[in-house]
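Q: I have a model open and would like to go through its local features with you. Could you take my questions one at a time?

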Amino acid sequence: MRLSTSEDAELITGWLADPDVHRWWGGEPVPLAEVRRRYTGARAPDVVVHLVLRDGEPVGLLQAWRDPDGTAGLDMFLAAHAQGRGTGPRVARALAEELTRSGWGTLTVDPGVDNARAIAAWQRAGFVPTGERGEDEGRETLLMVFRP
């Protein structure tokens, strides 16, 4: 895992153009200018964006965010070709443990209730369902909290 930079914008844009990715991440491709604004470090320190690496190669994005009210969470996607190999849960758990140790407080995730694969991956990373539901970009979500 490493911090994303502006040099990663085209790669991230390509991932987000894939229907297998954007169906769960915003619902449509994300333009390059928006990727640069949102996913290449411009919102730090409140949003920290990492590239997920496997064998040294970037395969996805993992961002950590926190709001002034004390809420904090993670969001992640992997490129379609990299899914299903355990990479996501491994790096998500590592980042969640690091953030917890450094005082970020309670970490949450909110996968879509219809995204069974993501819910299972977050559970493998140490997140447990709270029983609460929410909404993100018009999709019903399941609130999960990290339990180290």
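Q: Where is aspartate 55 found?
A: In this model, which is predicted, aspartate 55 is found in the loop between E2 and E3.

Q: What is its phi, roughly?
A: The phi of aspartate 55 is positive, at about 55°, although the residue is not a glycine.

Q: And is aspartate 55 buried or exposed?
A: Aspartate 55 counts as exposed, because its relative accessibility is 76% and the cut-off for exposed is over 50%.

Q: Which peptide bond is cis?
A: A cis peptide bond joins alanine 44 and proline 45, with an omega of about 10°. Proline 45 belongs to the loop between H3 and strand E2, the strand that covers 47–54.

Q: Moving on to valine 59, which strand is that in?
A: Valine 59 is in strand E3, which spans residues 57–66, and with a relative accessibility of 3% it counts as buried.

Q: How many residues lie between valine 59 and alanine 80 along the chain, and what separates their C-alpha atoms?
A: Valine 59 and alanine 80 are 21 residues apart along the chain, while their C-alpha atoms are separated by 8.7 Å.

Q: Changing topic, how many salt bridges are there?
A: The count comes to five salt bridges, with a side-chain nitrogen of Lys or Arg required to be within 4 Å of a carboxyl oxygen of Asp or Glu.

Q: Which residue does glutamate 34 pair with?
A: Glutamate 34 forms a salt bridge with arginine 38, and the closest N and O atoms of that pair are 2.9 Å apart. Both residues lie in helix H3, residues 32–39, where they are four residues apart, or about one turn of the helix. Glutamate 34 is partly exposed at 26% relative accessibility, and arginine 38 is likewise partly exposed, with a relative accessible area of 22%.

Q: What about arginine 139?
A: Arginine 139 forms a salt bridge with aspartate 114, with 3.7 Å between the closest N and O atoms. Arginine 139 lies in strand E7 (residues 139–146), whereas aspartate 114 is in the loop between strand E5 (107–109) and helix H5 (116–124), so the pair ties together parts that are 25 residues apart in sequence. Arginine 139 is partly exposed at 28% relative accessibility, and aspartate 114 is partly exposed at 49%.

Q: Which residue meets glutamate 140?
A: The side chain of glutamate 140 meets that of arginine 133 in a salt bridge, at 3.1 Å from N to O. Glutamate 140 is partly exposed, with a relative accessible area of 40%, whereas arginine 133 is exposed, with 54%.

Q: Which residues form the negative surface patch?
A: The negative patch is formed by Glu28, Glu135, Asp136 and Glu137. One of these, glutamate 135, has its place in strand E6, residues 127–136, and counts as exposed at 63% relative accessibility.

Q: Last one, how far does H4 reach?
A: Helix H4, residues 87–101, has 15 residues and reaches 21 Å from its first C-alpha to its last, which is close to the 21 Å expected at 1.5 Å a residue.

Q: Which residues of H4 are buried, and what comes just after the helix?
A: The buried residues of H4 are Thr87, Gly88, Pro89, Val91, Ala92, Leu95, Ala96 and Leu99. Just after H4, glycine 103 takes a positive phi of about 95°.

How values were computed. Residues are numbered from 1 along each chain as its sequence is written. This is a predicted model: local features need pLDDT of at least 70, side-chain atom pairs count only at pLDDT 80 or more; totals for chains, interfaces and linings use all residues. Side-chain values use heavy atoms; hydrogens and water are left out. Helices (H or I, at least four residues) and strands (E, at least two) are DSSP runs, numbered from the N terminus. The expected span of a helix is 1.5 Å times one less than its number of residues. Buried means under 20% relative accessible area, exposed over 50%, partly exposed in between (1.4 Å probe, protein chains only). Patches are made of residues with over 30% relative accessible area and no salt bridge: like charges are joined within 9 Å, nonpolar side chains (Val, Leu, Ile, Met, Phe, Trp, Tyr) within 5 Å. Accessible areas come from the Shrake-Rupley method with a 1.4 Å probe; for residues, only the protein chains shown count as cover. Lys and Arg count as positive and Asp and Glu as negative; His and the chain ends are not counted. The place of a charge is taken as NZ of Lys, CZ of Arg, CG of Asp or CD of Glu.
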